[in-house]
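Kindly read the numbered points beside the display.

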Amino acid sequence: MKVTGPHPTPVTELIRLEHVRVEAGARRLLEVSELGVAAGERVAIVGPNGAGKSTLLRLLSGMATASQGRIHVLGRELGPQAAALSRAQWRALRSEVGVVMQGLHLVPRLSARDNVLIGALARLRGRAAWPSWLRLYPDALQVEADAALAALGLADRADTRADRLSGGERQKVSLARLRLQRARLVLADEPTSALDPSAKTQVCAALRAATAAPGQALVTVLHDLDLLPALATRVLGMAQGRIQWDLPLHAVDGDLLDALYDRPPNPVAAAVSSRQSIDRSAVAARSNHPPHCTRSAV
Amino acid sequence: MSAWVASLRHGVPRGRAGFAGLLAAYAALVALCHFTLVAAGDLSFGRNPWDNLLKSIGDFSRPSFLDVWFGAERLEYRSDDGTLLRVEDRRQVEARFLAGLGRAAWITFQIATLGSLLAALLALPLGLLTARNLNAPQLLSRAAKGVLDVTRAVHTLVFGLVLVGIVGLGPTAGILAIALHSMGTYGKLYAESIETLDMAAVDAVRATGATPMQVFFNAVWPSVLPQFISNHLYVWEFNIRDSTILGLIGAGGLGLLISEAVSLFQWSRLATILLVVIALVVAFDAISRRIRQALL
């Protein structure tokens with residue numbers, strides 16, 4: 001049984017976009033003149049609906065294609081001018097890019113453990129992959145899957161079918177699957193939507209744990225701005241298909257976010273939002289300690 | 001009325017006026033069917049329906065298998081002048097009939113089983129081609145859909161009549177007839193199972209870098225297999241019922257005995273045969289329901 005991990009090729013910059021345009025018909029969905037994400041970074045993308053956040057994420061995972069520009073993801077060129085990747089190359093790239101989508105895309109009839117083990121499929125190569133067709137996995141992987149589930153508090157749900165789990169449990173299973181994938185780059189699209197506060201905390205912790213190694217990076221689309229301190233060291237503000245600003249977390253304040261979401265400058269709302277905005281001192285204090293997924297200072 | 005006429009111009013009548021129009025058209029159709037039959041004098045219950053009904057109930061209420069225990073051990077056939085022609089042991093005769101009935105039931109079961117399996121295998125590629133979410137080339141998917149529609153439209157009995165002429169009398173014709181007709185049903189059910197597949201989950205497995213075989217066995221197969229098995233049990237059960245009449249056209253099995261009993265007015269024997277058919281179907285239905293529930 002050969003279980004291989006991700007390639008240890010040293011790439012400091014995991015993502016590089018240059019002059020990228022994504023169009024749907026005549027409509028411009030996304031226009032990025034330059035963007036780089038280095039290993040070790042946690043980037044949050046915020047912005048109103050239709051800002052191009054999800055399009056950017058889909059572009060990075062290879063699910064959307066650009067009409068022009070240069071796109072490098074994990075050292076592979078994906079842009080429209082680049083030579084098309086072979087199927088094997090695509091698979092290798094996908095195995096290194098972990099995707100957590102908004103929907104809870106588990107295989108409904110498989111147990112939680114089998115769903116988690118799906119994350120390890122790409123690590124089984126050649127003849128070792130054949131037993132996985134019958135969902136037979138090496139003991140080491142089974143132990144790893146159970147440990148990943150236990151870490152998320154789902155040890156006793158390992159044998160439950162995915163379609164009998166609650167929404168929060170399913171999202172946790174998809175994060176345990178991500179853990180087994182050992183992806184270098186993790187792309188998450190609103191990973192905490194529709195979760196209760198305690199599940200949010202656990203999911204955030206799992207996302208951070210899955211991207212804690214030095215060579216890894218996390219890119220998250222967020223609507224829940226309270227989670228910024230937990231999931232980001234850097235924040236991209238997007239609107240109308242463009243990156244409006246790109247700032248370290250401590251430089252982001254409520255006014256910037258309000259302007260991005262184009263909230264009305266009504267005095268009452270302004271007074272409320274300034275109190276609800278992220279407290280800089282609280283963020284600065286967190287930057288020295290491992291942040292937690294708690295609601296930021298109110 | 002004008003609203004209805006206007007709605008007809010768009011192809012399908014819509015709205016309340018459209019529904020009322022459809023209802024009126026249906027009522028007119030039913031009335032036409034009824035009154036043309038009455039006018040032709042073909043809609044009658046015969047000369048004495050009540051007596052016939054009571055007589056039939058009487059015949060059916062004493063199924064022939066009871067003779068095995070209660071039949072006359074020495075039934076004498078005599079000519080008009082009293083000469084003894086033949087002596088029959090009703091118990092032995094009925095036991096022989098029951099043995100033959102058992103063999104015929106087994107043949108019927110064989111026809112249904114092999115015919116269903118053959119249909120399931122034949123329909124698999126056609127079902128895959130017709131499933132809309134698999135995006136097969138349009139020419140191929142149209143052709144496959146055409147084949148499935150045609151085979152579904154032609155009754156098993158009609159296929160049987162043609163096939164008896166080709167492969168001769170016997171169970172082979174029955175198996176092929178069942179297979180050809182059920183193929184259309186299977187193909188449609190397969191396509192529907194595949195169309196309800198959660199493609200997002202399949203894409204999520206693909207996104208982990210899994211090979212196509214791994215994606216198939218870990219995402220597609222576990223989702224469609226229970227439905228395929230459930231469909232198979234359903235059609236198989238349907239075919240057990242269907243194959244009981246295939247013997248009427250010489251394709252083997254219980255139907256031959258049914259046609260024999262009907263031709264000789266042996267209603268008590270027909271009652272026995274029907275009891276066997278009912279037992280067969282009910283037993284199979286109970287088993288397949290258990291299996292289907294376990295699969296859900």
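1. Basis of the note. This is a predicted model, in which local features need pLDDT of at least 70 and side-chain atom pairs count only at pLDDT 80 or more, while totals for chains, interfaces and linings use all residues. Residues are numbered from 1 along each chain as its sequence is written, and chains are lettered from A and ligands numbered from 1 in the order in which they are written.

2. Confidence in chain A. The predictor's confidence in each residue, pLDDT, runs from 0 to 100. Its mean for chain A is 80, with 84% of the residues at 70 or more. Two stretches of chain A stay under 50: residues 1-5, with 13 contacts beyond four places in sequence, and residues 7-11, with 3 such contacts. A contact requires the C-beta atoms of two residues, placed from the backbone, to lie within 7 Å.

3. Overall make-up of chain A. Chain A has 11 helices and 10 strands; these are DSSP runs, numbered from the N terminus, with helices (H or I) of at least four residues and strands (E) of at least two. Of its 298 residues, 44% count as buried. A residue is buried if 20 or more other C-beta atoms lie within 10 Å of its own, exposed if 12 or fewer, and partly exposed in between, with C-beta atoms placed from the backbone. Among the contacts in chain A with a separation of 6 or more, 69% join residues 24 or more positions apart.

4. Arg242(A) belongs to strand E10 (residues 242-248) of chain A. The C-alpha atoms of Arg242(A) and Gly52(A) are separated by 7.3 Å, although the two residues are 190 residues apart along the chain. Arg242(A) is partly exposed because 15 other C-beta atoms lie within 10 Å. Arg135(A) lies in the loop between H4 and helix H5 (139-151) of chain A. Its phi is near 55 degrees, a positive value in a residue other than glycine. Arg135(A) has 18 other C-beta atoms within 10 Å and is therefore partly exposed.

5. The interface. How many residues of chain A are in contact with chain B? There are 23 residues of chain A in contact with 18 residues of chain B. On the side of chain A, the elements that give two or more residues are helix H2 (87-96) and helix H4 (130-133) of chain A. The largest share, 4 residues, comes from H2(A). By class, this side of chain A has 12 nonpolar, 7 polar and 4 charged residues. Here Ala, Val, Leu, Ile, Met, Phe, Trp, Tyr, Cys and Pro count as nonpolar, Asp, Glu, Lys and Arg as charged, and the others, Gly among them, as polar.

6. In H11(B) (residues 254-263), the buried residues are Leu254(B), Gly255(B), Leu256(B), Leu257(B), Ile258(B) and Ala261(B). These residues pack against helix H5 (90-130) and helix H12 (267-295) of chain B. Phe265(B) is found in the loop between H11 and H12 of chain B, and its phi of near 55 degrees is positive in a residue other than glycine. Phe265(B) counts as exposed because it has 10 C-beta neighbours inside 10 Å.

7. Helices H10 and H12 of chain B. Helix H10 (residues 212-243) of chain B and H12(B) pack at an angle of about 175 degrees, with their axes 10 Å apart. Axes are lines fitted to C-alpha atoms, for helices over the stretch in contact, and angles run from 0 to 180 degrees between N-to-C directions. H10(B) and H12(B) are therefore roughly antiparallel to each other; angles under 35 degrees count as roughly parallel, over 145 as roughly antiparallel, 65 to 115 as roughly perpendicular and the rest as oblique. The residues that meet include Leu233(B) in H10(B) and Phe284(B) in H12(B). The contact of H10(B) with H12(B) has 9 nonpolar, 2 polar and 4 charged residues.

8. Helices H5 and H10 of chain B. H5(B) packs against H10(B) at an angle of about 140 degrees, with their axes 8 Å apart. The two helices are therefore oblique to each other. The contact includes Phe109(B) of H5(B) and Trp236(B) of H10(B). By class, the contact of H5(B) with H10(B) has 7 nonpolar, 7 polar and no charged residues.
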